[in-house]
There are 2 protein chains.
Amino acid sequence: MPKVVDPEQRRGELAEAVWRVASRDGLAAVTMRGVAGEAGWSTGSVAHYFSDKEELLVFAFELIADRVRRRMEGHVSPADQPLERVRAQLIEALPLDEERRTEVRLWFGLLGLALTRPALAAAQRAAYRAWRDVLAGALTEAREQGRLAESLDPHAEAAALVALVDGLAVQAFFEPRAMGPKRLSELLDGRLRGLGVPSER
Amino acid sequence: MPKVVDPEQRRGELAEAVWRVASRDGLAAVTMRGVAGEAGWSTGSVAHYFSDKEELLVFAFELIADRVRRRMEGHVSPADQPLERVRAQLIEALPLDEERRTEVRLWFGLLGLALTRPALAAAQRAAYRAWRDVLAGALTEAREQGRLAESLDPHAEAAALVALVDGLAVQAFFEPRAMGPKRLSELLDGRLRGLGVPSER
């Protein structure tokens, strides 16, 4: 009897293997062969899922984007005010612990690789756009509730907040001590206070 | 008679060759061989200057950092107020034209490569630190002149401004149209107005 394969479960196994390889050995190790070895699969089985290295990298990127997104959603409750949701969305993207530092490192590594890989760039463009849209939505809501200045453009502010978090992550990569978790949260909260966002949840 | 070689001039030739290769063909083409070919040198002559690929990449990074720095300095006159200097320092790092878009692309590509190359990471750490220090100095001066709130921490604000510019450059890479020059300057100026910096010079 042929083995019954659950494609979702197989994809999940692959995702775990990709994460383990990338977080332990870096992006250079994310190859068809490296992932196959980690998952205990044949390279042919991996090739059933990815036609080339770029597809594999896009998968690795989506995996990280998905980890971050789930954590963001996990920290938001329906009772939260829109500005609390904004903070939850941003704080989860800062490298505040080892796991998030690894994600940030891989994220920027993938950003570098996207310079020459259009499919990877497209995935990143979509992720940034979605992130800005979610923030802009919450900021619009906050403005309608009178919690933000009328003059504030939610889309411009969303772009600036995403930029701040991204740029802080870059500096934290180079100076993990000087730009430690406390400093990073303070810098984000300082900016959010300027918008009227409470710094403690 | 042996040919007299001016080391400074030779280094300048190399720098031009590295810039041409990188801006035209990307960082993957910045190899000992690629640079030698572009400069019309032997690989051995290039090896006289760089012992390995990492040294060559550090050189490429310093070259770009130097271009940006010179442009920043060129836009600052001794008569400028400290907050005008802050704006000049930041605006030159935004991808506002083709040349600066190329620089930003290479900058982030080098950032990705630094993840696994300590000497390159050290050069980038030093560049970010120097940039923050210059900005923090100008912000401190502005505060002493009563142009900034006493409560503002110049070092924290410098880190946040560098982060904003870096993060905007990332988004502009993915969405050159939506995040065009006008939008980018507006976003920076919006933030600077919050600090009391005039948006026009």
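In chain A of this predicted model, the axes of helix α4 (residues 53–74) and helix α6 (residues 98–114) come within 10 Å and cross at roughly 140 degrees, where axes are lines fitted to C-alpha atoms, for helices over the stretch in contact, and angles run from 0 to 180 degrees between N-to-C directions. α4(A) is therefore oblique to α6(A), given that angles under 35 degrees count as roughly parallel, over 145 as roughly antiparallel, 65 to 115 as roughly perpendicular and the rest as oblique. The crossing of α4(A) with α6(A) is left-handed, a term used if the near helix is turned anticlockwise from the far one by less than a right angle, with right-handed used if clockwise. The residues in this contact of α4(A) with α6(A) comprise 10 nonpolar, no polar and 5 charged.

In chain B, the axes of helix α5 (residues 82–91) and helix α9 (residues 181–195) come within 11 Å and cross at roughly 155 degrees, and these two helices, α5(B) and α9(B), are therefore roughly antiparallel to each other. Their crossing is right-handed. On the α5(B) side, L83(B), V86(B), R87(B), L90(B) and I91(B) meet S185(B), L188(B), D189(B), L192(B) and L195(B) of α9(B), contact meaning heavy atoms within 4.5 Å. The residues of this contact of α5(B) with α9(B) divide into 7 nonpolar, 1 polar and 2 charged.

Local features need pLDDT of at least 70, and side-chain atom pairs count only at pLDDT 80 or more, while totals for chains, interfaces and linings use all residues. Residues are numbered from 1 along each chain as its sequence is written.

How values were computed: Chains are lettered from A and ligands numbered from 1 in the order in which they are written. Side-chain values use heavy atoms; hydrogens and water are left out. Helices (H or I, at least four residues) and strands (E, at least two) are DSSP runs, numbered from the N terminus. Ala, Val, Leu, Ile, Met, Phe, Trp, Tyr, Cys and Pro count as nonpolar, Asp, Glu, Lys and Arg as charged, and the others, Gly among them, as polar.
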